[in-house]
Amino acid sequence: MSVLEMGSFTAKKLMHGIQYDRIQKGVARPIFLPRKFPHIPCTDVAGEIVETGHGVTKFKPGDKVVANVPFTIGGGLAEFFVASESLTVARPPQVSAAEAAGLPTAGLTAHAALTQAAGINLDNDNDSNGNKHEINILITAASGGVGHYAVQLAKLRQNTHVTATCGARNIEFVKSLGADEVLDYTTPEGSALKSPSGRKYDVVIHCAEARISWSTFEPNLNKNGKVIDLTPGPAAFLTSALKKVTFSSKKLVPFFLSVKGENLEYVVGLVKEGKLRTVIDSKHPLSKGEDGWAKSINGHATGKIIVEPWHQFLGIMASLAGKLMQALQFDSYGGGASALKHVEVPVPTPKKNEILVKMEALALNPVDWKIQKGMLRPLFPRKFPYIPGTDVAGEVVEVGQGVNKFKAGDKVLTFLGQANGGGLAEFVVAGENLTVARPPEVSAAEAAGLLVAGLTAHQALTQSAGIKLDGTGEQKNILITAASGGVGQYAVQLAKLGNTHVTATCGARNIELVKSLGADEILDYKTPEGAALKSPSGRKYDAVIHCATGISWSTFEPNLSKNGKVIDITPGPAALLTFALKKVTFSSKQLVPLLMSAKSENMEYLLNLVKEGKLKTVIDSKHPLSKAEDAWAKSIDGHATGKIIVEP
């Protein structure tokens, strides 16, 4: 146990948030960092107090806290650390250790840059005369550790317009944080930092590691604009000095963080109230802390990188033994949403080659309620009661014998299969063979949507229709029905990766959405032209990805090319009969019933497309597990735009 100084205490670490440690690189030498070698790095820690030193009055053993350990001391990458009472605050139970650990350096830097360096009052939209006053802010590297907090904090002030920069893969994410307009920094417009709406910036919160010259900032600033540089180098200091001695109204302000306990308490309180969130890029056990370190140096993390003790994972597993979890199940066929029952059932135990996953997002599919309706009997379900749901993204908490691809703490995407289901629950058991790693760039909800819907679209296009998604091959004319639905939205995007012309059908309210997904022409299915499926440009279809129901072969047939085929993803008796007739009569036009077969390599392929920004999951709505029956009813209704997601 460490020897404690007055006003200090020892805490057991639960979570540590990594920021790129320039100390190791020698950027801060020789002034004060580190004081000596060897040096245990890192400063941002959440944990539990195990001992207090003389003079400590605010805390006692057992208290949950978040602390900032000074850079000069460090010590965060260890199971225990010593912290000062003055730079430690209580962590409320509503804020997880990982959420809290991200706040001290990154969250406080964002807060101080906005409130102190830029002089913005986050609680008041008025100027000194009491008038409403809009402030235009640019935030660079807005998907990073500091940037993602800066966007959210800036938007606490209602009359603030935020322009943000990030890479293409993070544009939707940064928008979700509240940014009003987002620039892809790899484009000419993004590198020039020009506001798409033509605004001049009052303040720039410059979070990017990349050096951006003053000549790039200057023409985008208003008369009294200032650039707050969070990682100032020699050029920044020189520019700052020059602007001062020349009495320039435009300023560059080098920023240095001064941690204050009251500010740390303020941002922790915002997280508690749901006004601020910590986006977690990845978690790493302390035994693999070097992986978190390397990821930080790489410089492309989305949000915060977290290190947690290995015993944290072991503790989760031990705490679940014999425990109950919340789930929804049905006991017989029929009944719809009202027949779903909220129950407490034992947390399942993974067997050989299985993993136990804590559910973070589940995507519903029509097949889920069709099983309840009895449309797949006697195949599914195997027995009652039955917990439905198959498409799950979550975190591994325990692995069974023989599992070697995954460990506790890994973020994964898994397909459970209709035979066993189990998805509408806090924890699920999954087979290692149909589980893949989920990259940090892909959210749990985005990933969960990919399974039945995304894999169906992929299989229909690549295997049934023979389309190469690398853009090679002869151009094909494709019709996609119900293009705004779960499968349809993916089918449009995937088809456009190939050499295709896409005609799509949807309702009038979704025409602009389907256009944005890449469709070349769109039919409103409620109009006579739409009901007839006739291409507005007179094309005949080489393949139809039929995601809707209730359209007869006689409607499809005249719109097909000589060797055209209709791929029916929900084949009923009439479709199966048509399929058989076309086979026995050797017709060149075919109807192909599709039964999706999940493969892990295809799951990985789709996840990678989302990671690269080439595919997106359109989310219709999100529902808590406690209200999953609302999601179930919405799925049965059949008019969702994109995927319906259930979260814990």
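This is a short tour of a predicted model, stop by stop.

Before starting, note that residues are numbered from 1 along each chain as its sequence is written. In this predicted model, local features need pLDDT of at least 70, side-chain atom pairs count only at pLDDT 80 or more, totals for chains, interfaces and linings use all residues, and side-chain values use heavy atoms, with hydrogens and water left out.

**Stop 1: the domains**

Colour the protein chain by domain. Domain 1 covers 44–102 + 283–312, and domain 2 covers 118–254. Domain 3 takes in 324–438 + 623–646, and domain 4 runs over 452–612. These bounds come from an automatic or database domain assignment. Now look at domain 1 and domain 4: their centres, taken over C-alpha atoms, are 51 Å apart.

**Stop 2: a nonpolar patch**

Select Leu238, Leu242 and Val245. They make a nonpolar surface patch of about 310 Å². Patch members have over 30% relative accessible area and no salt bridge; like charges are joined within 9 Å, nonpolar side chains (Val, Leu, Ile, Met, Phe, Trp, Tyr) within 5 Å. A salt bridge is a side-chain nitrogen of Lys or Arg within 4 Å of a carboxyl oxygen of Asp or Glu. Areas come from the Shrake-Rupley method with a 1.4 Å probe; for residues, only the protein chains shown count as cover.

Zoom in on Leu238. It sits in helix α8 (residues 234–245). Helices (H or I, at least four residues) and strands (E, at least two) are DSSP runs, numbered from the N terminus. Leu238 is exposed, at 55% relative accessible area. Buried means under 20%, exposed over 50%, and partly exposed in between (1.4 Å probe, protein chains only).

**Stop 3: Asp229**

Go to strand β10 (residues 221–229) and pick Asp229. Is Asp229 buried or exposed? Buried, with a relative accessible area of 6%. Show its contacts, meaning heavy atoms within 4.5 Å. Leaving out residues up to four places away in sequence, Asp229 touches His206, Ala236, Leu252, Val253, Pro254 and Phe255.

**Stop 4: the cysteines**

Select Cys207. The closest cysteine sulfur, in Cys166, is 12 Å from its own, so the two are too far apart for a bond. Cys207 is also buried, at 13% relative accessible area. Next, select Cys547. Cys547 is in no disulfide, and the nearest cysteine sulfur, that of Cys506, is 12 Å away. Cys547 counts as buried at 15% relative accessibility.

**Stop 5: Thr549**

Pick Thr549, in the loop between β24 (541–546) and α18 (553–556). Thr549 is exposed, with a relative accessible area of 62%.

**Stop 6: two cis peptide bonds**

Move to the loop between α12 (366–373) and β17 (391–399), where Pro381 is found. A cis peptide bond joins Phe380 and Pro381, with omega about -5 degrees. Pro385 also lies between α12 and β17. A cis bond links Phe384 to Pro385, with omega about -10 degrees.

**Stop 7: positive phi**

Select Leu533, in the loop between α17 (528–532) and β24. Leu533 is not a glycine, but its phi is positive, about 65 degrees. It counts as buried, at 3% relative accessibility.

End at Phe586, in the loop between α19 (573–584) and β26 (590–593). Phe586 is not a glycine either, and has a positive phi of about 55 degrees. Phe586 is exposed, at 74% relative accessible area.

How values were computed: Disulfide = S-S within 2.5 Å.
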